[in-house]
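Reader: I am new to reading protein models, and I would like to go through this one slowly with you. Could we take it one question at a time?

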Amino acid sequence: MNIFAAIILVTLAIDFVLNLVADYYNLQSLDKGLPDEFSDVYDKETYEKSQSYTKERTKFGIFTSVFNLILLLVFWLAGGFNWLDEVVRSWELGVIWTGLVYIGILILAKSILSLPFSIYSTFVIEEKYGFNKTTPKTFVLDLLKGLALGIVLGGPLLAGILAFFTFIDQYAWLYAWGAVTAFTLFVQFVAPTWIMPIFNDFEPLEESDLRQKIRSYADKVNFAMEGVYVMDGSKRSSKSNAFFTGFGKNKRIALYDTLIENHTEDELVAVLAHEIGHYKKKHIIKNMGISILQTGIMFFLLSVFLNSQGLFDAFYMEQISVYAGLIFFGMLYAPIDMIVSVFMQVLSRKYEFEADEFASTTYQGEPMINALKKLSKDNLSNLTPHPFYVFLNYSHPPVLQRIKAIRAID
């Protein structure tokens, strides 16, 4: 074992233990009674059901994490990475195609091995609690569409990165950074009109009192409303949500059809005001800027460690290659990624409070509170998550904290 192997193994262990401890404390926090704030929405049966759902999802998540960790360690320590490299090299496909096939096989193998867990999650757990609306046909089509999209979009990008680091020496990381940045911006721009409709139907919100209220609010806050769309979320789940996507002339707000069915017009406008708040506060642009900066740092560090013999020795590799180096560096980068992930979660929760404040001050606070309560009930959310679990995993503040913050504003 060398220093690279030690860093990766210690990181894997720390990540696993931290999440296990967080899961344990989160399950312990379920013993608390129903918060008074939700007594007008939850009955005893629904609250017990939400706790049972959290327990089952958590235990299933632990089992999945243990399986994935064991699988990785067995494949690694048995020399699986080198064995696969020898097999793919024997096909004599050329350096770029060899890299694409090598990485593609690893991704495909991981997807196949995780398939039973995805099936169980969708057709057993989500079905048990009344969420699942996905048919086997839709499930299979989603897999095939995702695979095709990964090949069409991800394949050329990966080929470009492999080419940069194979044929360009000193400034390869800059070219790769520029290519990934351009690709990210392109996908953000075309996703609402080209990519997302591959998986879901988006219909413009029909002319109605709701649309008139939305239009009036958008005019009030000087928001150019290119489009509000209804997404057929009920095709896969009964859970509700809303989101903002795209930028420029392609930006749009999407409301799940289940959200529209279960909320009043004022509640829906408040939810939409929250999404507009993200845009007005420039949260999307800020996140994108941080992501681009992080990508640049990652590619620079990659250029430093990519040809390190010690990194390849850690995985029992007989030959150095750019494509295997990408995989191994990704694992070596995990400590930085872990820290950045926690920081981004903290920032994301801050943004959610700011968007709530924008919605409450430019529209109304009470409809937003009512919408949050209903969403919590409809999605069987955990109302009393442990702070440590929130710190590691939550991109949104716990709903009770959000409600208290909105009431403080009012």
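Reader: How many helices and how many strands are there in the protein?

Author: Since this is a predicted model, the elements described here are those of the prediction. Counted over the protein, the strands number four, and the helices number 16.

Reader: What is the radius of gyration of the protein, and why does it count as being as compact as a globular protein of that length?

Author: For 410 residues the globule rule gives 22 Å, and the protein comes close to that value, so it is as compact as a globular protein of that length. The C-alpha trace spans about 65 × 50 × 40 Å along the principal axes. The radius of gyration itself is 23 Å.

Reader: What share of the chain is helix over the residues that UniProt assigns to the feature "domain: CAAX prenyl protease 1 N-terminal"?

Author: The UniProt record, an unreviewed entry, places this feature at residues 26-200. Over that stretch the end C-alpha atoms are 33 Å apart, and the share of strand is 0%. The share of helix over residues 26-200 is 78%.

Reader: Is Thr295 buried or exposed?

Author: Thr295 is found in helix 10, which covers residues 283-305. Its relative accessible area is 15%, and a residue under 20% counts as buried, so Thr295 is buried.

Reader: Which residues is Thr295 in contact with, leaving aside its neighbours within four places in sequence?

Author: The question sets aside neighbours within four places in sequence, and what then remains in contact with Thr295 is a pair of names. These residues are Trp177 and Val180.

Methods. Residues are numbered from 1 along each chain as its sequence is written. This is a predicted model: local features need pLDDT of at least 70, side-chain atom pairs count only at pLDDT 80 or more; totals for chains, interfaces and linings use all residues. Side-chain values use heavy atoms; hydrogens and water are left out. Helices (H or I, at least four residues) and strands (E, at least two) are DSSP runs, numbered from the N terminus. The radius of gyration is taken over C-alpha atoms; the globule rule is 2.2 Å times the number of residues to the power 0.38. UniProt positions are given in the numbering used here, feature names are shortened, and annotations may be inferred rather than shown by experiment. Buried means under 20% relative accessible area, exposed over 50%, partly exposed in between (1.4 Å probe, protein chains only). Contact means heavy atoms within 4.5 Å.
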